[in-house]
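Here's a quick briefing to read with the structure open next to you.

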Amino acid sequence: MKAITFQGIRSVALSNVPDPKIISESDAIIKVELAAICGSDMHVYHGRETGIDPGTIMGHEFTGTVIEIGQAVKNFSVNDRVLSPFTINCGECYFCQIGLTARCVHSHLYGWIENGKGLHGVHTEYVRVPMADGTLVRLPDDISWEQAALLADIASTGYFGADMANIKETNTCIIIGCGPVGIMAVKTVKYFGAKTIFAIDSIPFRLDFAQRNGAIPVNSSTENIKEIIREATSGVGADCIIEAVGSSSSMKSSFELLRPGGILASVGVQAFGQLPFSPPDMYDKNIILKTGRCSSRYYSEKLMPLIQNGDLNVTDVITHTFGLAKGVEAYRFFDEEKDRCLKVLLKPG
Ligand SMILES: [Zn+2]
Ligand SMILES: [Zn+2]
């Protein structure tokens with residue numbers, strides 16, 4: 001089968017790789033119907049996160065059809081439409097039971113093989129899903145492949161950010177970073193009914209998008225954010241911030257814009273060494289810092305009904321779809337943020 005594989009920094013290739021096989025009785029093989037490129041694939045692409053073996057299949061967001069199951073798989077059959085969260089989980093351990101599926105004791109991230117150990121990614125035609133009963137989520141007929149591909153990570157992660165931020169109707173909430181996850185956070189915060197929503201980014205088309213979804217846009221490179229938030233909150237600061245970048249500077253801005261006692265919910269993949277504020281800084285402002293990988297197995301199920309009944313439209317973030325054969329070009333395109341691209345899908349076949 002064809003797959004987009006990691007070759008080195010800023011280098012991916014369209015490769016011929018062996019079809020996956022059932023290894024354990026709890027495995028399922030999924031035919032990929034739709035996959036998506038994620039901002040965090042770019043951490044690998046740029047070498048900001050290192051350690052992946054060359055030849056590893058890239059990607060972690062996908063949805064598809066079950067074509068084969070191991071003997072121990074009870075909850076799924078061949079031809080079932082499913083989505084997989086971006087990490088696999090057993091469904092049985094303490095963390096799976098409390099909904100923290102991203103911290104399942106058997107968890108693995110797709111697209112991460114290091115020193116020969118780990119899981120291949122999903123930017124390919126067929127994927128082996130270990131612990132299929134715990135990991136996979138069945139798709140109702142009225143959930144499209146596009147919706148499911150977004151539920152695998154970004155829609156769930158945006159919702160997770162808003163959930164951690166504990167949105168109340170009186171709140172002023174700021175979303176920092178208007179990539180796909182930030183936009184999903186804007187949509188969810190709007191759905192939860194926050195009084196005022198600000199969206200911060202430096203790219204005008206992303207800000208336009210956030211505005212269309214109910215946020216007041218603030219351009220971080222041309223406007224004085226601190227002044228705008230101070231004025232909007234009578235000097236108090238924002239009640240909650242959803243940080244969807246994962247940089248030291250956006251964490252610093254978050255800290256500065258937050259009111260004492262506010263919640264900083266960070267869902268950006270943290271790729272830096274030290275927080276730009278200290279424990280005494282946090283103590284002196286009584287801030288609540290929440291962060292971590294989204295348990296998208298848990299959140300995708302919570303979100304599905306909101307998409308089904310039309311409360312949340314998620315697919316408008318999809319701006320481009322490439323065939324898998326053009327996957328290398330798609331990576332370059334996404335990396336260079338060409339043609340106002342926000343979310344790029346990959347379609348096998
Ligand atoms: Zn992702
Ligand atoms: Zn588990």
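Leaving aside residues up to four places away in sequence, G268 touches E243, A244, V245 and G246. Keep in mind that this is a predicted model. The rest of the picture is grouped by topic below.

**G268 and its loop**
- To find G268, go to the loop between β16 (258–266) and α10 (279–285).
- Is G268 buried or exposed? It counts as buried because its relative accessible area, 11%, falls under the 20% cut-off.
- Look back along the chain to L257, 11 residues from G268: the C-alpha atoms of the two are separated by 17 Å.

**T87 in its strand**
- T87 belongs to strand β6, which covers residues 87–88.
- With a relative accessible area of 3%, T87 is buried too.
- Which residues does T87 touch, once those up to four places away in sequence are set aside? The list is A102, S107, H108, L109, Y110, T135 and R293.

**The cavity**
- Rolling a probe the size of a water molecule over the atoms shows where empty space is left.
- How many cavities of 30 Å³ or more does the count come to? The answer is 1.
- The largest cavity has a volume of about 30 Å³.
- Its lining is made up of A155, Y159, M184, K187, T188, L303, L312 and V314.
- Two helices, α5 (154–164) and α6 (180–192), each supply at least two residues of that lining.
- Of the elements around the largest cavity, α6 has the largest share of the lining, with 3 residues.
- Sorted by class, the lining of the largest cavity has 6 nonpolar residues, along with 1 polar and 1 charged.

**The second largest pocket**
- This pocket has a volume of about 290 Å³.
- It is lined by 18 residues, and those closest to its centre are P18, P20, I57, H120 and R128.
- Which elements give two or more residues to the lining of the second largest pocket? They are β9 (117–119) and β10 (126–129).
- β10 gives the most to this lining, with 3 residues.
- In the lining of the second largest pocket, 10 residues are nonpolar, 5 are polar and 3 are charged.

**The protein as a whole**
- How does the radius of gyration compare with that of a compact globule? For 349 residues a compact globule would come out near 20 Å, and the protein has 20 Å, so the two agree.
- Taken along the principal axes, the box filled by the C-alpha atoms is roughly 60 × 40 × 40 Å.
- Buried residues make up 55% of the 349 in the protein; G268 and T87 are among them.
- Take the contacts with a separation of 6 or more: 70% of these are between residues 24 or more positions apart.
- The protein exposes about 14800 Å², and carbon and sulfur atoms supply 49% of that area.

Definitions and conventions
Residues are numbered from 1 along each chain as its sequence is written. Chains are lettered from A and ligands numbered from 1 in the order in which they are written. This is a predicted model: local features need pLDDT of at least 70, side-chain atom pairs count only at pLDDT 80 or more; totals for chains, interfaces and linings use all residues. Side-chain values use heavy atoms; hydrogens and water are left out. On a 1 Å grid over the protein atoms alone, a cavity is a set of points where a 1.4 Å probe fits but cannot get out, and a pocket is an open set with protein on both sides within 12 Å along at least five of seven lines; lining residues have an atom within 4 Å of a point. Grid points are joined across faces, edges and corners, and a volume is the space filled by probe spheres set on the points. Helices (H or I, at least four residues) and strands (E, at least two) are DSSP runs, numbered from the N terminus. Ala, Val, Leu, Ile, Met, Phe, Trp, Tyr, Cys and Pro count as nonpolar, Asp, Glu, Lys and Arg as charged, and the others, Gly among them, as polar. The radius of gyration is taken over C-alpha atoms; the globule rule is 2.2 Å times the number of residues to the power 0.38. Buried means under 20% relative accessible area, exposed over 50%, partly exposed in between (1.4 Å probe, protein chains only). Contact means heavy atoms within 4.5 Å. Accessible areas come from the Shrake-Rupley method with a 1.4 Å probe; for residues, only the protein chains shown count as cover.
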